[in-house]
Amino acid sequence: MQKILDAILAGELGEVGRLPVPEFYRGVTLHADEAAMFDGLAGPDKDPRRSLHLDEVATPEPAAGEVLVAVMASGINHNTVWSSIFEPLPTFGFLSRYGRTSPQAARHDLPYHVLGSDLAGVVLRCGEGVAAWQPGDEVVAHCLSVELHHPDGHSDTMLDPEQRIWGFETNFGGLAELALVKANQLMPKPGHLTWEEAAASGLVNSTAYRQLVSRNGAGMKQGDIVLIWGASGGLGSYATQLALNGGATPVCVVSSPQKAEVCRRMGAELVIDRVAEGYRFWKDEHAQDPREWKRFGARIRELTGGEDPDIVFEHPGRDTFGASVYVARRGGTIVSCASTSGYQHTFDNRYLWMHLKRIVGTHFANYREAWEANRLIAKGRIHPTLSEVVPLEHTAQAVHDVHHNLHQGKVGVLCLAPAQGLGVTDPELRAKHEQAINRFRTASVASVASVVAAG
Ligand code: NAP
């Protein structure tokens with residue numbers, strides 16, 4: 001591994017394909033025989049630091065259409081939180097179901113699961129039939145894994161019945177020194193970014209792009225008012241930038257003054273601190289409070305000069321969904337990709353049908369959408385929102401902190417990269433955007449680094 005790393009660090013990328021691939025590598029894993037370890041505990045009490053391991057695992061051979069990547073950096077996504085607490089289901093069920101589909105897929109069905117759905121790194125080996133990439137290419141990966149044996153996925157690959165999220169529903173993910181991906185997951189690494197910055201955007205930027213911009217999602221247009229929940233979080237920090245970049249007006253919802261400040265740093269002017277303003281959309285566990293929806297809607301109108309949101313960018317789910325349906329404008333769109341606070345949503349349907357609103361379900365992105373989202377990063381139109389970077393050894397602590405909403409934007413993970421700040425090949429473009437790239441770095445919330453330091 002060290003020889004591979006030395007060649008990458010020396011910029012001798014042509015050498016990489018000639019060096020032997022190690023038989024084993026280190027990766028962040030879950031163990032199948034521990035899948036019941038949190039049974040009986042409430043979600044917040046399930047501690048990823050108990051379930052996540054850093055193990056030596058066997059290197060898989062790239063099969064037809066697959067690529068083995070030396071991972072320089074990765075990032076924490078919420079799907080690693082879900083995997084690590086075995087919610088809503090242990091991921092081993094996904095692996096065994098995938099394993100039954102073909103001999104190639106059967107390699108994924110193992111008693112351990114290497115997690116992670118983002119990477120920036122260098123192609124080491126290509127399987128048979130890989131035409132677009134070769135050893136030595138500097139790449140990032142998106143996390144859509146498809147088979148495309150059925151007609152359904154051929155207009156939009158997200159509709160493939162065998163659609164999976166790499167590193168969540170498949171094995172050999174990116175929180176590791178090596179990763180196995182399909183060749184059609186790869187995209188060029190933006191040259192102006194470091195390894196850890198480049199790794200930060202793949203999952204959330206692509207998801208936010210489809211959810212907000214694509215015709216498969218809300219199809220945002222210039223002038224739209226976009227209500228963005230969790231606007232300084234993973235998805236929200238990209239949705240806010242995409243709204244601003246596309247001529248829309250984001251109304252950012254966050255839960256602290258520090259998070260409000262980072263939204264303003266991105267250029268958002270309309271920000272609601274949901275904690276400071278004390279919204280209680282649920283009176284108790286069973287009943288929502290429409291007066292609180294109204295108070296929230298009135299606050300949005302106060303900020304926008306009387307307008308309601310054309311689009312509500314939803315992902316908190318149960319806690320906020322009733323309010324989201326209520327505050328969207330007549331004919332507006334509520335676009336949902338998740339249910340962090342619970343997936344049984346209730347809302348007052350009169351506000352949906354009488355006011356001709358639409359609820360759109362969306363999930364990750366197809367290759368084209370991921371490519372367009374990565375292109376915006378490469379052109380310096382959208383920037384990574386990296387707030388913290390931890391070494392691979394501290395992944396479990398970082399996942400714990402994301403689980404408890406202690407982070408902002410994205411938390412990066414150094415895999416093979418020995419330090420932050422490496423991998424930039426276009427310093428001129430970087431110089432133009434340095435400040436924007438670092439917007440989240442100066443955030444002063446309880447940081448992963450300080451939590452790690454505190455032990
Ligand atoms: P994140 O970085 O943790 O950010 C989520 C933000 O949502 C938090 O910063 C928080 O912001 C806000 N939030 C959390 N609970 C809330 C609640 N009860 N009420 C209001 N706001 C709340 O996570 P993420 O990466 O943005 O992902 C968000 C969700 O989307 C996760 O469930 C994730 O699994 C899912 N997701 C789905 C896809 C897909 O393809 N379907 C892709 C990516 C992510 P404040 O506390 O500041 O308000």
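**Around the ligand**

Start with His 407: an N or O atom in its side chain is 2.7 Å from an oxygen atom of the ligand. That is a polar contact (a pair of N or O atoms within 3.5 Å; within protein, one must be able to donate a hydrogen and the other to accept it, and residues adjacent in sequence count only if both atoms are side-chain atoms). The protein buries 90% of the 900 Å² that the ligand exposes when taken alone. These areas come from the Shrake-Rupley method with a 1.4 Å probe; for residues, only the protein chains shown count as cover.

The model is predicted, so local features need pLDDT of at least 70 and side-chain atom pairs count only at pLDDT 80 or more, while totals for chains, interfaces and linings use all residues. Residues are numbered from 1 along each chain as its sequence is written, and side-chain values use heavy atoms, with hydrogens and water left out.

A polar side-chain atom of Asn 405 lies 2.9 Å from a ligand oxygen. Leu 235 uses its backbone instead: a polar atom there is 2.8 Å from an oxygen of the ligand.

Now the whole shell. It has 25 residues, and Leu 235, Ser 255, Arg 274, Phe 364 and His 407 come nearest. By class, 13 are polar, nine nonpolar and three charged. Here Ala, Val, Leu, Ile, Met, Phe, Trp, Tyr, Cys and Pro count as nonpolar, Asp, Glu, Lys and Arg as charged, and the others, Gly among them, as polar.

Which helices supply at least two residues each? They are α3 (78–84), α7 (202–213), α8 (234–245) and α11 (318–327). Helices are DSSP runs (H or I, at least four residues), as are strands (E, at least two), numbered from the N terminus. The largest share, three residues, comes from α7.

Gln 211 is also in helix α7. Gln 211 counts as buried because its relative accessibility is 0%; buried means under 20%, exposed over 50%, partly exposed in between (1.4 Å probe, protein chains only). A polar atom of the Gln 211 side chain lies 3.1 Å from the backbone oxygen of Glu 314.

Why does the ligand lie between two domains? Domain 1 (2–200 + 384–454) and domain 2 (210–360) both give residues to its shell, so it lies between them. The domain bounds come from an automatic or database domain assignment.

Technical notes
A residue is near a molecule or strand if one of its heavy atoms lies within 4 Å of it.
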